[in-house]
Amino acid sequence: MNTSDSEEDSYNERSALVQCESPTIPSYNQDHDVSLPQQTDTKRRRPVSSGLDEPGPVERERASTPDGEEEELTLKYGAKHVIMLFIPVTLCMVVVVATIKSVSFYTEKSSQRLIYTPFEEDPNSVGQRLLNSFLNTIVMISVIVFMTIILVVLYKYRCYKVIHGWLILSSLMLLFWFSFMYLGEVFKTYNVAMDYPTLVMIIWNFGVVGMICIHWKGPLRLQQAYLIVISALMALIFIKYLPEWSAWVILGAISIYDLIAVLCPKGPLRMLVETAQERNEPIFPALIYSSAMVWMVGMADSSNPGSADGRLRNEGGARAQEEEESEDDVAHGGRRRYSAEEDLEEDRGVKLGLGDFIFYSVLVGKAAATGGDWNTTLACFVAILIGLCLTLLLLAIFKKALPALPISITFGLVFYFSTDNLVRPFMDSLASHQYYI
Amino acid sequence: MNLERIPNEEKLSLCRRYYLGGFAFLPFLWLVNVLWFFREAFLKPTYTEQPQIKSYVKKSAVGLTVWVAVLTTWITIFQHFRAQWGEVGDYLSFTIPLGTA
């Protein structure tokens with residue numbers, strides 16, 4: 001594929017964009033914080049947020065439940081949502097691994113490289129190779145940092161049009177160009193004849209319905225499916241075009257950057273989250289996977305209309321800016337309609353940024369592509385899920401935006417290298433000696 | 001988005017937009033329309049907008065069937081006669097299978 005710089009720019013900007021969204025699971029936390037003031041239903045058990053101090057029924061409920069029960073409820077609440085995130089992450093990884101194992105295109109080394117990894121890895125000299133991979137990483141990370149800062153600046157100065165235009169461009173590219181490439185490779189692999197008219201119909205339908213579902217309104221399941229598919233496509237591109245060692249170093253470096261950007265007070269991602277929270281806006285929902293519907297009803301007495309406006313949303317997907325305004329309208333309508341009732345069934349969504357999906361899949365995909373056998377792949381897969389579990393646990397405890405990459409990627413890297421170098425030879429020699437344990 | 005949570009007028013408007021959008025060579029959109037609004041149109045107790053939603057769903061289903069028929073016919077013809085068409089067949093092909101005539 002002859003890629004032009006501008007295409008690479010777009011999708012790498014997108015990955016930067018996505019990645020910067022990825023570390024945070026802010027809205028999960030937001031939902032936590034946010035739902036509490038509206039809670040009027042004593043039957044609903046909710047973890048308590050220490051950050052919020054809104055008066056109202058919540059306080060009374062909080063006082064009535066014993067602490068032990070609250071703690072237990074916190075964790076119980078988390079388990080369901082862990083599962084709700086496991087499924088899409090697993091699906092994404094399955095798609096990537098299945099493609100890697102069957103379509104050889106994505107494992108063929110091409111002479112083309114992304115402009116973000118300009119240094120060639122020379123297979124002959126270890127030192128040189130290592131050095132070049134570090135240099136590549138530095139280039140890539142600085143690009144990502146730069147993009148993130150631009151994003152935060154744009155967001156701060158309310159240049160929403162620019163951001164939305166950027167997002168739309170990059171989803172367009174993902175949905176049309178990359179899926180076109182992907183289909184082409186799949187057809188070549190399975191030796192199927194395909195004609196242009198049918199192909200155009202398929203790509204056109206896939207792309208347009210994808211744009212509608214992600215950026216406008218569509219069924220939740222379809223939107224989730226599209227987000228998984230585009231994350232998988234992006235991950236495949238990374239797997240193909242990042243040089244071997246650079247990919248691993250980049251994974252490590254991104255996790256560290258993630259940690260810094262989300263947790264440090266001046267980190268760009270943290271500023272993004274805080275600005276969004278101040279403005280009571282969801283954070284770029286087009287780049288965040290959310291797993292369920294959220295319906296939060298305004299308080300019965302509408303004593304804090306400001307928070308209720310922001311809270312009441314038809315969750316579950318991409319929100320364009322105009323959507324937020326319409327949500328506010330719905331919010332007003334919703335308040336009037338439901339003000340007399342207890343709050344409705346709330347299935348609070350869990351949100352994970354798409355960048356997380358992408359980098360998890362890159363790790364597992366690379367393990368499948370370059371690792372020896374299925375042991376390595378499965379080990380990385382399990383490691384990532386364990387990491388995700390722990391991250392969600394920490395989220396339930398700390399109740400603030402947390403980076404989702406570091407723990408999972410660390411576990412994944414550790415498991416990859418140890419399985420590849422320790423467990424695999426061990427299993428091989430056990431098998432060759434027919435010694436079963 | 002959850003259809004349960006939006007008012008009926010918006011459901012109607014959404015259904016209508018999906019229906020109209022499908023005319024832009026988008027049978028997939030019609031399929032989504034049918035599947036998504038099926039329950040609303042047929043399995044829910046009646047409400048004011050329901051007959052219109054029903055009609056849109058039915059029309060989308062009809063359009064979808066037509067497109068499926070057209071595409072199936074075309075694909076069958078193409079796959080069967082591609083080799084015999086020679087140059088035209090190659091021109092129309094995006095991927096050409098290796099190792100066959």
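These legends walk through several close-up views of a predicted model.

**View 1. Helices α13 and α14 of chain A side by side.**
This view brings together helix α13, residues 354-370 of chain A, and helix α14, residues 374-398 of chain A. Their axes come within 8 Å and cross at roughly 160°. That makes α13(A) roughly antiparallel to α14(A), since angles over 145 degrees count that way. The crossing of this pair, α13(A) and α14(A), is right-handed. On the α13(A) side, look for A:Tyr360, A:Leu363, A:Val364, A:Ala367 and A:Ala368. They meet A:Thr377, A:Cys380, A:Phe381, A:Ile384 and A:Leu388 of α14(A). Sorted by class, the residues of the contact between α13(A) and α14(A) are 9 nonpolar, 1 polar and no charged.

Is A:Ile384 buried or exposed? With a relative accessibility of 0%, A:Ile384 counts as buried. Setting aside neighbours within four places in sequence, A:Ile384 is in contact with A:Met93, A:Tyr360, A:Leu363, A:Val364 and A:Ser408. For a sense of scale, take A:Gln128 as a landmark: A:Ile384 and A:Gln128 are 256 residues apart in sequence, and their C-alpha atoms are 30 Å apart in space.

**View 2. A:Leu85 and the residues it touches.**
Here the focus moves to helix α4 (residues 67-102) of chain A, which holds A:Leu85. At 0% relative accessibility, A:Leu85 counts as buried. Which residues touch A:Leu85, leaving aside its neighbours within four places in sequence? They are A:Tyr289, A:Val350, A:Leu352, A:Leu388 and A:Leu392.

**View 3. A:Leu151 in helix α5 of chain A.**
A:Leu151 lies in helix α5, which runs over residues 126-156 of chain A. Its relative accessibility is 0%, so A:Leu151 counts as buried. Find A:Leu272 as well: A:Leu151 and A:Leu272 are 121 residues apart in sequence and 8.6 Å apart in space, C-alpha to C-alpha.

**View 4. Helices α6 and α7 of chain A.**
Helix α6 (residues 160-189) and helix α7 (residues 196-215) of chain A pack at an angle of about 145°. Their axes are 10 Å apart, and α6(A) passes α7(A) in a right-handed crossing. From α6(A), the residues in the contact include A:Leu167, A:Leu172, A:Phe176, A:Phe180 and A:Phe187. From α7(A), they include A:Leu199, A:Trp204, A:Phe206, A:Met211 and A:His215. How many nonpolar, polar and charged residues does the contact of α6(A) with α7(A) have? By class there are 16 nonpolar, 5 polar and no charged residues.

**View 5. The loop residue A:Asn191.**
Look between α6 and β1 (194-195) of chain A to find the loop that holds A:Asn191. Phi of A:Asn191 is near 55°, a positive value in a residue other than glycine. At 34% relative accessibility, A:Asn191 counts as partly exposed.

**View 6. Helix α7 of chain A beside helix α2 of chain B.**
Now chain B joins the picture, as α7(A) packs with helix α2 (residues 27-43) of chain B. The angle between α7(A) and α2(B) is about 50°, and their axes are 8 Å apart. These two helices, α7(A) and α2(B), are therefore oblique to each other. A:Met201, A:Asn205, A:Val209 and A:Ile212 of α7(A) meet B:Pro27, B:Phe28, B:Leu29 and B:Val32 of α2(B). The contact of α7(A) with α2(B) has 7 nonpolar, 1 polar and no charged residues. In the loop between α1 (8-21) and α2 of chain B lies B:Phe25, which has a positive phi of about 60° although it is not a glycine.

**View 7. Chain B as a whole.**
Chain B has 4 helices and 1 strand, following the pattern α-α-α-α-β along the sequence. Its radius of gyration is 19 Å, well over the 13 Å that the globule rule gives for 101 residues, so chain B is more spread out than a compact globule. Along the principal axes, the C-alpha atoms of chain B fill a box of roughly 60 × 20 × 20 Å. Buried residues make up 42% of the 101 residues in chain B.

How values were computed:
Residues are numbered from 1 along each chain as its sequence is written. Chains are lettered from A and ligands numbered from 1 in the order in which they are written. This is a predicted model: local features need pLDDT of at least 70, side-chain atom pairs count only at pLDDT 80 or more; totals for chains, interfaces and linings use all residues. Side-chain values use heavy atoms; hydrogens and water are left out. Axes are lines fitted to C-alpha atoms, for helices over the stretch in contact, and angles run from 0 to 180 degrees between N-to-C directions. Angles under 35 degrees count as roughly parallel, over 145 as roughly antiparallel, 65 to 115 as roughly perpendicular and the rest as oblique. A crossing is left-handed if the near helix is turned anticlockwise from the far one by less than a right angle, and right-handed if clockwise. Contact means heavy atoms within 4.5 Å. Ala, Val, Leu, Ile, Met, Phe, Trp, Tyr, Cys and Pro count as nonpolar, Asp, Glu, Lys and Arg as charged, and the others, Gly among them, as polar. The radius of gyration is taken over C-alpha atoms; the globule rule is 2.2 Å times the number of residues to the power 0.38. Buried means under 20% relative accessible area, exposed over 50%, partly exposed in between (1.4 Å probe, protein chains only).
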